Amino acid sequence: MQSNVFVGIKPGQISNYKDNHSIKEEHRGSFDYLLLPITNLRYKEIVRKEFDEFKNGKTDSLKISEPQLQDICISPFNSQDTTDSPMYIGLLSSWLELESQDIAKREVSYQVLLNECQFAQFVGIHKLILAPPRDLSNLQLYSQSILRLLAHESLSSAKLTISISLPLYEDTEPLATWELWNTVRKLCNYHESLTISLAVPRIKTPRHVINRWIAEPVSCLLISSSIFATNQYNYPVLHKFNQKLIAKFQEVNGNSLMNSNNLCVILHSMEKYSTQIKGGENSYIEYINYLLKKGDRQLSQNAFDSSLPQLMSPLKPHSDMLSNSIYSIFERDTMKYDLYEQAVYDALSDLSLMATKSNPLVILVAGAGRGPLVDRTFRSINKLNLLSRTKLIAVEKNPQAFLFLQKRNFEYWNNKVQLLNQDMTKLKNFNLEVDLCVSELLGSFGCNELSPECLYSIQQSFGKPSTIFIPSSYTSYVAPISSPLIHQKLKSLDHDKKPTGDKTQDLFESIWVSHKIPYNILSSKINEIWSFHHPLPEGKLTSFKFSRNVTTGFKIKHKGEIHGLIGFFKATLYKDLSFSNLPNDTNAYSWSPIIFPLNQPLSVTDDTEVNALLSRVNSGKKIWYEWSLESFIYVVMPRHSLSKMDFIDDTKGSNILTSSNDNNNNNNNNNINNSSNNNYDDHNYNKPASHELDSGIDENGFLPNFENGWQSVNDIHGLHNSVVESPMFNLGSPNQLDEDINQEEQVDDDIPEIHIKVETGISKLHNINGQSFSIPL
């Protein structure tokens, strides 16, 4: 398996479309994408002139002309010279004022963007990078302009992605840029063509920040030459934590984006320090290629399957016939079947003293499929020399899968297996008692494919107190997650469904199996909610035996957006043998996790508690799940304030989006180098050896001037005067913070305090009475 992560570069200075040909030739074959502005400064001056004429009353209407040949940086002629010629990523004009309060300026900005997008669409560019907003107090206007653009009739049907560039991390407020992005994304209604490009910082990023971004639709990682250091050979290398960051994105995002929005690592500002490192600009490219190839090798060793990410409706094997391809996927999970074989072997070892030729052990494989469990059971019987003292029965209702059982019985099992092409819940007229029942009826949530109901039917008809069931029990787990890609996908599917008039199923009221789509578990723990044990306790059979109802609580440390609950299971096969699809405990790769989505995301702040209600309902005719979430925080108040009915002003504690007053000044000492120093002949350039690239950072080596994430974003868009300022949330100035602390110290410590539980959000109850999703019995 190879991750679909690509390498791109942004060259130093491009003034027109003729300049990029030499760059493509110079680095041919070493990168996949060339990041270039769509238009140049000449077009900016033309737009300014046309705008001034409108403002001065010389023209009646505000109409911005489209760029001409002298105004563009990307050639419309033969854009793909050869198969190994790099593709283009477009850089939209950064001088626009999409969030301006001036309607005319905002309209000019919109028209320029539209012209650039239409040109990009014409030349076959599918990905465009947009500068972040300048005025963070007008995010609604900024988002409105973007959404107008995405909804334009000439672009709405095109596969065009607009990606907003932002820093990945700010040490002042770790999730500040994520909150900015989340605001814009929500205002644009989770549009599937809106993504994010992240500038990688030189400092270490906290794990919770990386996990948050991993689940987002990240289309580009922007890597400035300023975050590199040199090793002992004077080659540029990244710190270990940034190597791991790229590897994490390569593992998750590179294979998980559902709109063919391939992840691209873009190098920029390479000309700044190219004369101070060995190999010049080419060494940066070689190093990133080396890291990605190294990641590819590691991923290929751990790959279970190379299928594409997808959101799937859960299987209903009790009511539907599974296809041949689905059986094939299940059977690739050899680790699972190895565990099953060991469990069967251990169980038969314990039962072997009871087995005689006149009274053989009865072994039933329930839901045999194409025969992998029968094969492992037959192998265990032979290992223990119990073939003459056992009776092996395989039950499978799928007539197509039954053909495989017949073939394998003849070719491999010497016709020693009794095959029954019947529904296991309707087996009649068999006068036998089962000693060992083996099944793989588990779904992604454990109990979501009717395993409790099916195995109880066998227990009731053919079981006895000593019957051993494999698996003997299974437990379900849930946790709240952030997964904007899942929410985005369901919204797009729901939108595609509505014009047909099909209202029989609300997609947010159904449960889904999420395969290789990234998510971020927001809670500190994954909670166990219920279990089923086999054999089930004896007693009067009612549907309540299979129904469950649980309210479980979670603690969420960092702010976020909850898009639903994710479900896992852990099954105990026999004694201490078990398998699971839980994160960090996965040894059952053929089960992807299950998703209980929310129709409206639930926003939570830092240190929030969440209660989840989850029900499994068995009506006697079908089973279904219902779910809901609520969030709350605890407010600490002096006890005496409860006796007063004063209005509490909570605006001081809210997060108000403001701009930092600190300017991000460029350090110009190393910004500009002679053009003669920036061009390298491939024939004279000696590629570094692997050990030279893999070597650690030399403490005495060259280290570029420190630049934060916003400086990297400014460099991408050519904003050398720090037009875009660092976003900060109003956490109070240091002086104000000192004043607050001093005031708090003056408060009488003897005043008793109480904690008040305040609800901050609640979702609807989903899938009531199984109206959108249920499994017939």
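**Cavities, a helix and aromatic contacts in a predicted model**

A search of the whole structure turns up 3 cavities of 30 Å³ or more.

Let me move on to helix H10, which covers residues 334–351. At 1.5 Å a residue, its 18 residues should span 26 Å, and the C-alpha atoms at its ends are 25 Å apart, which agrees with that expectation. As for burial along H10, the buried residues are Lys336, Tyr337, Leu339, Tyr340, Glu341, Ala343, Val344, Ala347, Leu348 and Leu351, so that the list includes the charged residues Lys336 and Glu341.

Now to the aromatic side chains, where the structure holds 15 aromatic pairs. In one of these, Phe228 and Tyr284, the ring centres are 5.0 Å apart and the planes stand at 70°, and because an angle over 60 degrees counts as edge-to-face, that is how the pair is classed. This pair links distant parts of the chain, since Phe228 sits in the loop between strand S7 (218–224) and strand S8 (229–230), whereas Tyr284 belongs to helix H8 (residues 281–302), 56 residues apart. Are these two residues, Phe228 and Tyr284, buried or exposed? Both Phe228 and Tyr284 are buried.

Another edge-to-face pair is formed by Tyr456 and Phe546, with 5.7 Å from centre to centre and 75° between the planes. Tyr456 lies in helix H13 (residues 451–462), while Phe546 is found in the loop between strand S20 (527–533) and strand S21 (548–556), so this contact ties together parts that are 90 residues apart in sequence. Here again, Tyr456 is buried, and Phe546 is buried as well.

Beyond these pairs, one aromatic cluster is formed by Phe445, Trp530, Phe596, Tyr625 and Trp627.

I will finish with charged groups placed over rings. Arg370 lies over the face of Phe404, at 4.8 Å from the ring centre, and Lys622 lies over the face of Trp624, at 5.3 Å from the ring centre.

Definitions and conventions
Residues numbered from 1 in each chain as written. Predicted model: local features only at pLDDT ≥ 70, side-chain atom pairs only at ≥ 80, totals over all residues. Heavy atoms only, no water. 1 Å grid on protein atoms, 1.4 Å probe; cavity = no way out; pocket = protein on both sides within 12 Å on 5 of 7 lines; lining within 4 Å. Points joined across faces, edges and corners; volume = space filled by probe spheres on them. Helix = DSSP H or I, 4+ residues; strand = E, 2+ residues; numbered from the N terminus. Expected span 1.5 Å × (residues − 1). Buried < 20%, exposed > 50% of the residue type's maximum accessible area, 1.4 Å probe, protein only. Phe/Tyr/Trp six-rings, centres within 6.5 Å; stacked < 30°, edge-to-face > 60°. Lys NZ or Arg CZ within 6 Å of the ring centre and 35° of its normal.
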